[in-house]
Amino acid sequence: MSRTVRSFAELEAEFNAYVGSIGYATMVTVDSRNRPRTRILIPVWENVDGQPRGWLATYRTPVKAAHLARNPHTSFSYWKPGNNSVAVEAVAEWVDDLDVKSHVWRLYRNTSPRGAGYDLGAFWRSPSDPKLHVLRLEPWRIQVIRGADLRSRIWESLPLSSDQARKGDLPQDWAAADDS
């Protein structure tokens with residue numbers, strides 16, 4: 001049975017625990033023929049003014065860049081044996097600002113949430129490395145499922161249009177709706 005929660009805070013501790021213990025997520029984008037494409041990555045997450053925000057340090061591959069340019073909506077799925085899982089639906093946007101890259105570098109180094117992240121220095125020299133690219137992830141739906149009894153809780157924001165996402169416009173009222 002799924003239950004919708006009105007505030008991210010109602011499932012944040014469980015979200016952090018599962019994401020921190022699982023670490024790796026399957027990221028899904030959609031190609032020009034509406035086919036899904038997956039890859040395994042490690043995003044980090046933070047709470048900004050009571051709302052979830054994700055960051056992905058990554059290479060800006062031609063495939064990933066083309067998919068997100070056409071459709072910035074993406075999905076991240078976390079799962080481990082025991083069936084604890086998290087599904088995040090988000091809008092992704094490339095961010096090239098050095099201050100943001102430095103912030104993301106620190107989130108990865110400190111692990112956010114605890115356990116999620118790694119030393120970006122293994123792949124890039126510094127936040128100013130031209131090969132380092134960052135995606136900001138603005139979730140509009142998060143589902144957390146406890147494996148022991150399959151209890152599911154869902155948080156949703158107001159949906160964003162692609163234009164809103166590209167401009168960085170976020171809804172002022174992050175209301176929840178039940179579509180379980």
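**Exercise 1. Does Asp31 count as buried or exposed, and what is its relative accessibility?**

Solution. The structure is a predicted model, and the place to start in it is the loop between β2 (25-30) and β3 (36-41), where Asp31 is found. The next step is to compare its accessibility with the cut-off, since a residue counts as buried when its relative accessible area is under 20%. Asp31 has a relative accessibility of 9%, and therefore it counts as buried.

**Exercise 2. Describe the overall make-up of the protein, from its helices and strands to its contacts.**

Solution. Begin by counting the elements, which are 4 helices and 9 strands. Then follow them along the sequence, where the pattern reads β-α-β-β-β-β-α-β-β-α-β-β-α. The protein has 180 residues, of which 49% count as buried. Finally, consider the contacts with a separation of 6 or more: residues 24 or more positions apart account for 69% of them.

**Exercise 3. Trace helix α1 and find out which strands its buried residues pack against.**

Solution. Helix α1 covers residues 9-22, and its 14 residues reach 20 Å from the first C-alpha to the last, close to the 20 Å expected at 1.5 Å a residue. Along the way there is a kink of about 25°, centred on Phe15. The buried residues of α1 are Leu11, Glu12, Glu14, Phe15, Tyr18, Val19, Gly20 and Ile22, and these pack against β1 (2-5), β4 (44-48), β6 (73-79), β7 (85-95), β8 (133-146) and β9 (151-156). After the helix comes Gly23, whose phi is positive, near 80°.

**Exercise 4. Explain why β7 is described as largely enclosed, and identify the strands with which it pairs.**

Solution. The first step is the burial of the strand itself: 9 of the 11 residues of β7 are buried, so the strand is largely enclosed by the rest of the structure. On one pairing, β6 and β7 are antiparallel over 7 bridges, with Ser77 standing opposite Ala87 in β7. These two strands form a hairpin with 5 residues between them, and in the turn Gly82 has a positive phi of about 100°. On the other pairing, β7 and β8 are antiparallel over 11 bridges, and the partner of Val88 in β8 is Ile142.

**Exercise 5. Find the residues that touch the most other members of the largest nonpolar core.**

**Exercise 6. Follow strand β9 to its partners, and state in which sense each pair runs.**

Solution. Of the 6 residues of β9, 5 are buried, so this strand is largely enclosed by the rest of the structure. With β1 it runs parallel, joined by 4 bridges, and Arg3 stands opposite Arg153 in β9. With β8 it runs antiparallel, joined by 6 bridges, and the bridge partner of Arg146 in β9 is Arg151. The hairpin of β8 and β9 has 4 residues between the strands, and in this hairpin Leu150 takes a positive phi near 60°.

**Exercise 7. Locate Thr58 and work out what its side chain meets.**

Solution. Thr58 is found in strand β5, which covers residues 51-58. Its relative accessibility is 4%, and so Thr58 counts as buried. The side chain of Thr58 makes a polar contact of 2.5 Å with the side chain of Lys64. Not counting residues up to four places away in sequence, the residues that Thr58 touches include Leu41, Lys64, Trp94, Trp124 and His133.

Technical notes: Residues are numbered from 1 along each chain as its sequence is written. This is a predicted model: local features need pLDDT of at least 70, side-chain atom pairs count only at pLDDT 80 or more; totals for chains, interfaces and linings use all residues. Side-chain values use heavy atoms; hydrogens and water are left out. The expected span of a helix is 1.5 Å times one less than its number of residues. The bend at a residue is the angle between axes fitted to the seven residues ending there and the seven starting there. Buried means under 20% relative accessible area, exposed over 50%, partly exposed in between (1.4 Å probe, protein chains only). Contact means heavy atoms within 4.5 Å. Two strands pair if DSSP finds at least two bridges between them. A nonpolar core is a set of buried Ala, Val, Leu, Ile, Met, Phe, Trp, Tyr and Cys residues joined through side-chain atoms within 4.5 Å. A polar contact is a pair of N or O atoms within 3.5 Å; within protein, one must be able to donate a hydrogen and the other to accept it, and residues adjacent in sequence count only if both atoms are side-chain atoms.
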